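Dear colleague,

Please find below the structure that I am handing over for your work. My notes on it come after the model itself.

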Amino acid sequence: MRLITHNMLSCNIKGVTNGFPLKIESVTVVEKEVDFNPDFLRHMFAKIEWKALVEGARSMGYEELPEDSPDASELESDDETFLRKLHHALLELHLEEGALVCPETGRKFPVNKGIPNMLLHEDEV
Amino acid sequence: MSSRIAEIRLVSSHREVYEPCDDSFALVDALLADRINLIEHKPKICMEIGCGSGYVITSLILLLKNELPGVHYLATDTNPIAARVTQETLQAHGVEADVICTDIASVLEKRLAGSVDVMVVNPPYVPTPEDEVGMEGIASAWAGGENGRRVIDRMLPVVDVLLSEKGWFYLVTLTSNCPLEICLVMRKKGYASRIVVQRSTDEENLLILKFWRVKDEESLDKETSSESFVSQFSRYLSSFMEKRWR
């Protein structure tokens with residue numbers, strides 16, 4: 001699972017109102033190179049919750065993202081430094097082994113072989 | 001040149017996971033038939049609910065990847081073994097999708113709402129006793145309860161939430177699922193529909209439906225009256241009956 005997907009996931013245990021973002025506990029992180037695509041990044045940027053991305057990246061050992069969400073002009077700038085960092089954080093870091101933790105209940109969802117198991121127990125539905 | 005769809009010999013398997021079968025092939029054929037349109041559609045996020053062996057999502061990626069490099073692919077399954085098998089199938093083909101083990105798409109509904117441009121679903125559509133629905137393992141791949149509609153009917157509102165304004169939705173159905181009724185349910189949510197592929201095998205009569213959102217009521221009327229799904233269905237049903245009576 002990559003951070004682009006982590007940014008779309010929330011805990012849906014019954015009664016939980018604040019299930020986003022899930023905290024990442026990383027055991028193994030793998031990097032895989034992906035072709036750089038600025039158009040795709042600009043499109044996705046609007047959907048990304050910045051703080052969740054920064055924290056997620058940090059918990060996977062990547063600290064290069066700026067704390068505050070950059071404004072749109074940086075996406076259009078000729079200098080691709082920012083877009084390259086965004087690209088790396090969103091698409092090239094894979095959480096292989098670890099867990100996702102619900103921010104409200106502390107319930108842990110295991111991540112094995114890159115797949116988060118978000119299934120709920122009967123009493124959580 | 002790399003193959004355009006997933007190769008069966010590279011599709012991973014497990015006794016608790018549904019293997020690619022006529023329904024999977026019909027769905028991939030529908031995507032192949034619509035490939036040019038899909039490329040012009042320029043989706044940014046594509047998703048499969050119930051990815052099973054991974055044959056369909058892998059094929060979708062292979063179909064689009066040369067022409068459309070910047071697409072994010074997601075796949076979900078309620079069976080953890082299926083999620084793993086899908087991951088293996090993707091890896092064997094050297095392609096990338098994020099796989100999540102969840103019931104339908106419940107963990108994505110909030111944050112992914114209105115973002116999915118292409119959704120593909122081969123649901124558990126086989127009519128079965130109600131108590132077989134939602135069992136663990138391979139049964140979750142086919143058990144559909146009364147008319148095979150129990151899971152389909154839970155999926156439709158989720159798909160409606162996740163699809164973007166320009167979203168397309170491909171769904172495998174059987175004639176016994178009352179597909180016309182499914183089209184009417186979706187029509188009420190503002191979707192036009194058509195049959196992309198129809199196929200009769202020894203055991204089942206498969207229809208691959210495609211749905212797309214229509215902006216206003218007037219054009220929905222136009223879309224559904226010109227190449228109307230009602231007339232499409234009656235044509236399909238009469239040809240099917242003819243075959244059967246012969």
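The notes below cover the interface between the chains, then a pocket and the cavities.

This is a predicted model, in which local features need pLDDT of at least 70 and side-chain atom pairs count only at pLDDT 80 or more, while totals for chains, interfaces and linings use all residues. Residues are numbered from 1 along each chain as its sequence is written, chains are lettered from A and ligands numbered from 1 in the order in which they are written, and side-chain values use heavy atoms, with hydrogens and water left out.

**Interface**

Contact (heavy atoms within 4.5 Å) links 29 residues of chain A with 28 residues of chain B. The two chains bury about 2,300 Å² between them, 57% of it on carbon and sulfur atoms; buried area is the accessible area (1.4 Å probe) that two parts lose on being put together, summed over both. In chain A, the most area is lost to chain B by M8(A), I115(A) and L119(A), together 24% of what that side buries.

There are 2 salt bridges between chain A and chain B, a salt bridge being a side-chain nitrogen of Lys or Arg within 4 Å of a carboxyl oxygen of Asp or Glu. R2(A) forms a salt bridge with D98(B), with 3.1 Å between the closest N and O atoms.

By class, the side of chain A that touches chain B has 13 nonpolar, 10 polar and 6 charged residues. Here Ala, Val, Leu, Ile, Met, Phe, Trp, Tyr, Cys and Pro count as nonpolar, Asp, Glu, Lys and Arg as charged, and the others, Gly among them, as polar.

**Pocket and cavities**

Both were found on a 1 Å grid over the protein atoms alone: a cavity is a set of points where a 1.4 Å probe fits but cannot get out, a pocket is an open set with protein on both sides within 12 Å along at least five of seven lines, and lining residues have an atom within 4 Å of a point. Grid points are joined across faces, edges and corners, and a volume is the space filled by probe spheres set on the points.

The second largest pocket has a volume of about 550 Å³. Of its 21 lining residues, V34(A), D35(A), P69(B), V71(B) and E96(B) lie nearest its centre.

The structure holds 2 cavities of 30 Å³ or more. The largest cavity, of about 60 Å³, has a lining that includes M1(A), K32(A), E96(B) and D98(B). The second largest cavity, of about 30 Å³, is lined by V54(A), A57(A), R58(A), Y62(A), E63(A), E64(A) and L65(A).

Yours sincerely
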